[in-house]
Amino acid sequence: MKDLPLRRGQLVTTFGPGSLVISPEGESAMIGSLDKWYYDKNENQINALDEFEIQEPRLRSLLKVDKLLMPPDYRPGYKYKDAGDALKQTNTDIYIPLLRFPTWHYCNVCKTLHQSDMSNRTSWLDCKNCKERRKMIQVPFVMVCNHGHISDFPWREWVHKDEYTSCEGQMRLITTGGATLDSLKVKCSCNKERLLRGIMTRKNNINDDEEGISELSKRLNDNGELYKCPGHKPWYGSLSESEICTSYPVAVLKNSINVYYPNTISAIYLPGENPAVERLIDMFERNGVTSSWLNMADNSDKKIEIVKKMCPPEIQEYSHSDIELAILYIEGELDDEQAEERIYSKNTEKELRKKEFETLVNEVDTENLKVRKEWDTSNTEEDDITNKFTLVNRVTKLKETIALTGFNRLTTNEEESGRSKLEKGKKLLFKNPDLQENNWLPAYKVYGEGIFFTINVEKLFTWEQRYDVISYFNRLITRTEKSRAKIDESILKPRNVLIHTLAHIIIDELALTCGYNSASIRERLYINDKQCGILIYTSSGDIDGTFGGLVRMGKKENFFSVVYQAIDKARWCSSDPVCTEIGKSSGQGVNNLNGAACHSCSYLPETSCELGNLFLDRTLLVDEKIGFFGK
């Protein structure tokens, strides 16, 4: 497979282990498991990983891992060869493993199907039918299941209607013209042929059981035996890597979005109670002081000695106790009992956000988090829209750490939560997750700015207790139960849908005024029982952060004018009256989980929304009778 340039941030989100990436030439490859990430071109393991380590003790302790490591960047070794000590460079020629997948190809002349090795770096193969070397085209389909497995489509089994077939004849992928699967068929040299119709259908009808028996599982075998997922995990490095799976697979296009849904957890840097310790931790990170260095010493005095040698002279200004406390944070020795207790909670990320909310409501001035108070409820005028808000703070600088904890296929919903979800995710990311050296997760840090504001909790609670609001919202609850989707029930409250919709319309309006497009602005919702806040922020990989355009819109004279305009625009959608009427009657969107919300009024790019553009409803926001901001 040819080398593909990927950004480090993409390797923690879109293109993590087990995902498919498409090259500019149209070839697809699979990102290998984390076991083989830090190896050079000679397959030698890199041991000096200190420069890739990210110091986020709170997130690391919660995930129960030894390290959070940033994906490696590529440094060509030939540029530094014989350059002398002045230009000496470490960790050169590190590659992220790429594996050719799908392995089935077809000849663009005779359409004969051929299977290649996963390690093959080129698509030029010897065509058995043409008797010459030709550039092959990868097949467009792969087979996935909701347990995270991915396999080549069973071409031979499908055309012979038998998963145990022994025929080794040559197959051809023939198209008869057209844009649907009815125009594609597989034909074997034994004269058997079959259309690909139905291979991408998950269910036949709503009476199928909850597992969702796919049409592929039902129709592959001619004898009626259900075809089950072979349980392949090719990102481990071999097509033979598999496990027993009881799921029913479905064919999908290899570049389809549902092939890979990354599970990430993010944490905004929060200062501790001791500013000196926070400055020391920041100094440790800049100078490569990591837990692996500290483990070389067997007592605290020797550890402090190592730290002082690695850090600049200003470390002498800090007390012995502060340095010792900072070392404990780096080693993850603090808050272990609390972290162990929190990890078993229903939603790990909610525990992170409780502390974030408590910090963001206050004024903060540290190296990695700066919060400026802009407005509070004491300045509210009667009968003004501002009386629905309690606080507006401008976050002039923030640092966010994003860690990859696993991935899903076909759907983003899962029954597992807390510790079991993390363990399942780690088993997917690592071939050998139980090894001590594999007790880490990939992470990425970004810097940015934002606006944090809170809604009046008392007014929200009073509003959602109204009979007409409850009666209307029960329709969404009914649709949710009918969909049988796996949904966190804590989101099913009127105030949560309201806050989510409000965040979307404000982001849309900010994108028109602050200089960032909507894909660059993200929401972070704080919707616990006693916390009703929204952080709207933008971030990038640059340590200097962003340009200040979003923070400027957080000033009182700018922010509330944006809110006014956003709410006023939300009263009418360009798809109305259809959008509003459908939203009120039957719902819309995936599984009808949205009310009056569509691409014309409320949807955001996937990078911006935390909930996949679900649980949105303008009716709860601006309806004249039941809307929180209704006239």
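**Entry 1**

I began with Pro577, which sits in the loop between helix 15 (556–570) and helix 16 (578–585). Helices here are DSSP runs of H or I with at least four residues, strands are runs of E with at least two, and both are numbered from the N terminus. The peptide bond from Asp576 to Pro577 is cis, with omega near 10 degrees. I found another cis bond from Phe101 to Pro102, with omega near 0 degrees; Pro102 belongs to the loop between strand 6 and strand 7 (104–107). Then I looked at Lys111, in the loop between strand 7 and strand 8 (113–115). Lys111 is not a glycine, yet its phi is positive, about 65 degrees. I noted for comparison that most residues other than glycine have a negative phi, and most peptide bonds are trans.

A note to myself: this is a predicted model, where local features need pLDDT of at least 70 and side-chain atom pairs count only at pLDDT 80 or more, while totals for chains, interfaces and linings use all residues. Residues are numbered from 1 along each chain as its sequence is written, and side-chain values use heavy atoms, with hydrogens and water left out.

**Entry 1: the second largest pocket**

Next I looked up the second largest pocket, which holds about 950 Å³ of space. On a 1 Å grid over the protein atoms alone, a pocket is an open set of points with protein on both sides within 12 Å along at least five of seven lines, whereas a cavity is a set where a 1.4 Å probe fits but cannot get out; lining residues have an atom within 4 Å of a point. Points are joined across faces, edges and corners, and a volume is the space filled by probe spheres set on them.

I read off 28 lining residues for this pocket, with Asp3, Tyr95, Ile96, Pro97 and Leu98 nearest its centre. Strand 3 (39–40), strand 5 (94–95) and strand 6 (98–100) each supply at least two of the lining residues, and strand 6 gives the most, with 3. By class, the lining has 15 nonpolar, 3 polar and 10 charged residues. Nonpolar means Ala, Val, Leu, Ile, Met, Phe, Trp, Tyr, Cys and Pro, charged means Asp, Glu, Lys and Arg, and the others, Gly among them, are polar.

**Entry 2: an aromatic pair**

I counted 22 aromatic pairs. Rings of Phe, Tyr and Trp (its six-membered ring) pair if their centres lie within 6.5 Å; planes under 30 degrees apart are stacked, over 60 edge-to-face, and the rest tilted. Tyr74 and Tyr95 have ring centres 5.2 Å apart and planes at 50 degrees, so this pair is tilted. The two are 21 residues apart and link distant parts of the chain: Tyr74 is in the loop between strand 4 (67–69) and strand 5, and Tyr95 is in strand 5.

The largest cavity has a volume of about 90 Å³. It is lined by 14 residues, with Tyr472, Leu476, Arg479, Gly595 and Asp617 closest to its centre. Helix 12 (residues 467–483) provides the largest share of this lining, 5 residues. I sorted the lining of the largest cavity into 8 nonpolar, 3 polar and 3 charged residues.
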